[in-house]
Amino acid sequence: MQSVPPADNPQQLPVTIAAKKAPKKLTLIPLIFLIYFEVAGGPYGEEPTVQAAGPLFALLGFSIFPLIWGIPQALVTAELSTAYPGNGGFVIWAECAFGPFFGSLMGSWKFLSLVINMATFPVLCITYVEKVLPALGSGWPRNLVIFISTLVLSFVNYTGVTNVGYAAVLLGLVSLSPFVVMSVMAIPKIHPHRWLSLGQKGMKKDWNLFFNILSWNLNFWDNVSTLAGEVDRPSKTFPLALFTAVILITVSYMIPLFAVIGAISVDQNEWGPGFYATAADMIAGKWLKYWMEVGAVLSVVGLFEAQLSSSAYQLLGMADLGMLPKFFAVRSKWFNTPWVGILFSTMITLAVSYMDFTDIISSANFMYNLGMLLEFSSFLWLRRKLPELERPYRIPMRLPGLIVMCLIPSGLLVLIMAIATKTVYLVSGLMTVGAIAWYFFMNFCKSRQLFKFDKR
């Protein structure tokens, strides 16, 4: 694949040119479920919001956050992905708006947040499975399972993004099924007054954890943009897929949360990662608990596959744009997948997969938030800078309304960053310094011709 950048004409679209052996394109239904797994993957992992702030705030969070956080991201992604339908997504947007330095910085922030986030999925899976197999709770068995599962899932991704898309449909339906059953069986046991509880007396609210879990469960709407070159009729498919995914994700979070909070009364501290399996046992019995464990494993598979695809194709897109050496765009002769990007992403994911779960999501969120602030800025600047740019899908708002739309989630981004811990500031600061150094190192490599780069 080769991407044509907007070198001399700023309105020229950096579209992806198909290789001789063009891969099969992603269609609507697989794309919907890829977005679903990019962002959510099911209600697994939302439980700590109850632990952090109590039932009422958890319900309010998952009712309001998708509207003020997810929808603006989905709208921006729909407009810019159809205007710039090339692999690279948000990297292309930032470069077209502010130049190659910010394009590279955007790529580094988003890539690091994505591969760090991917490390949470095997950890979350083990957290559920250890309730059935306690031996996986710690030590070498836990570490070995994380290592092997990461390698196996990476190989599955190597077989092709279209295969991943169809697998996502099946994984999504199966992983959601135990929540449907649990929610239906919980109805006779629901006491609505439990929804209004502010939490246990004497239980201090952990707003840092609360907002990080909320944003972690509703982040990465724009990741699918890095697959734009692999989508069939992106101008029509992207907007419809994104809007459908917003509804699917919101409903999949809300219904189980309302059902379980209303149906059972437990110590608030019990609402940690993996609590839904315990809740399934309390509501229906061991059989549903085991079904929930299987669903958790399948959800993790879908999450990992979707996000690994995005990270690998992002690297491919950056190589096509001349930001990375050409070898990052090398595709497998068998499956036409960017195997170098898959391998590179997997190595970094393995390196951080043994961190504490909360530290992982906090660091991933911080890097993602930096990238989102730049993304919203790029979107607004492109509307002002290139008002006549062809946009097959265009948000039906003028610039002042768009500014307001972007300011609301941007305020939440700043809030989450402001309450981060010193460790997260340190890690994110070092990564940002490394990202800046990486940009100048790539320029040095170009000037000395140490690697081959696509010409700009």
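This is a predicted model: local features need pLDDT of at least 70, side-chain atom pairs count only at pLDDT 80 or more; totals for chains, interfaces and linings use all residues.
**Exercise 1. Look through the cysteines: how many disulfides does a search of the whole structure find, and is Cys445 buried or exposed?**

Step 1. Across the whole structure, the search returns zero disulfides.

Step 2. Take Cys96 as a case to work through. The nearest cysteine sulfur belongs to Cys406 and is 17 Å away. A disulfide needs sulfur atoms within 2.5 Å, so Cys96 is in no disulfide.

Step 3. Cys96 has 8% relative accessibility and counts as buried. Cys445, at 0%, counts as buried too.

**Exercise 2. Turn to the surface: which residues form a nonpolar patch, and which helices each supply at least two residues of the patch?**

Step 1. Collect the members. The patch on the surface is formed by Phe327, Val330, Trp339, Leu343, Met347, Trp438, Phe441, Phe444, Leu450 and Phe451. Together they have about 930 Å² of accessible area.

Step 2. At least two patch residues come from helix H13 (339–352), and at least two from helix H16 (422–448).

Step 3. Zoom in on one member. Trp339 belongs to helix H13, and with a relative accessible area of 37% Trp339 is partly exposed.

**Exercise 3. Work through the salt bridges: how many does a search of the whole structure find, and which parts of the chain does the pair of Arg391 and Glu79 tie together?**

Step 1. The search of the whole structure gives eight salt bridges.

Step 2. In one of them, Arg391 pairs with Glu79, and the closest N and O atoms are 3.0 Å apart. Arg391 lies in the loop between helix H14 (357–385) and helix H15 (399–418), while Glu79 is in helix H3 (residues 55–83), so this pair ties together parts 312 residues apart in sequence.

Step 3. Check both partners for burial. Arg391 counts as buried at 9% relative accessibility, and Glu79 counts as buried at 0%.

Step 4. Go on to Lys110 and Glu375, whose side chains meet in a salt bridge at 2.8 Å, N to O. Lys110 is in helix H5 (residues 100–118) and Glu375 in helix H14, so the pair links distant parts of the chain, 265 residues apart. Both Lys110 and Glu375 are buried.

**Exercise 4. Compare the two ends of one further salt bridge: is Asp454 buried or exposed, and where does its partner Lys326 lie?**

Step 1. Asp454 forms a salt bridge with Lys326, with 3.9 Å between the closest N and O atoms.

Step 2. Asp454 lies in the segment after H16, and Lys326 in the loop between helix H12 (286–320) and H13, so the pair ties together parts 128 residues apart in sequence.

Step 3. Asp454 counts as buried at 15% relative accessibility, whereas Lys326 counts as partly exposed at 39%.

Step 4. Finish with a network: salt bridges that share partners join Glu79, Arg383 and Arg391 into one.

Terms used: Residues are numbered from 1 along each chain as its sequence is written. Side-chain values use heavy atoms; hydrogens and water are left out. Buried means under 20% relative accessible area, exposed over 50%, partly exposed in between (1.4 Å probe, protein chains only). Patches are made of residues with over 30% relative accessible area and no salt bridge: like charges are joined within 9 Å, nonpolar side chains (Val, Leu, Ile, Met, Phe, Trp, Tyr) within 5 Å. Accessible areas come from the Shrake-Rupley method with a 1.4 Å probe; for residues, only the protein chains shown count as cover. A salt bridge is a side-chain nitrogen of Lys or Arg within 4 Å of a carboxyl oxygen of Asp or Glu. Helices (H or I, at least four residues) and strands (E, at least two) are DSSP runs, numbered from the N terminus.
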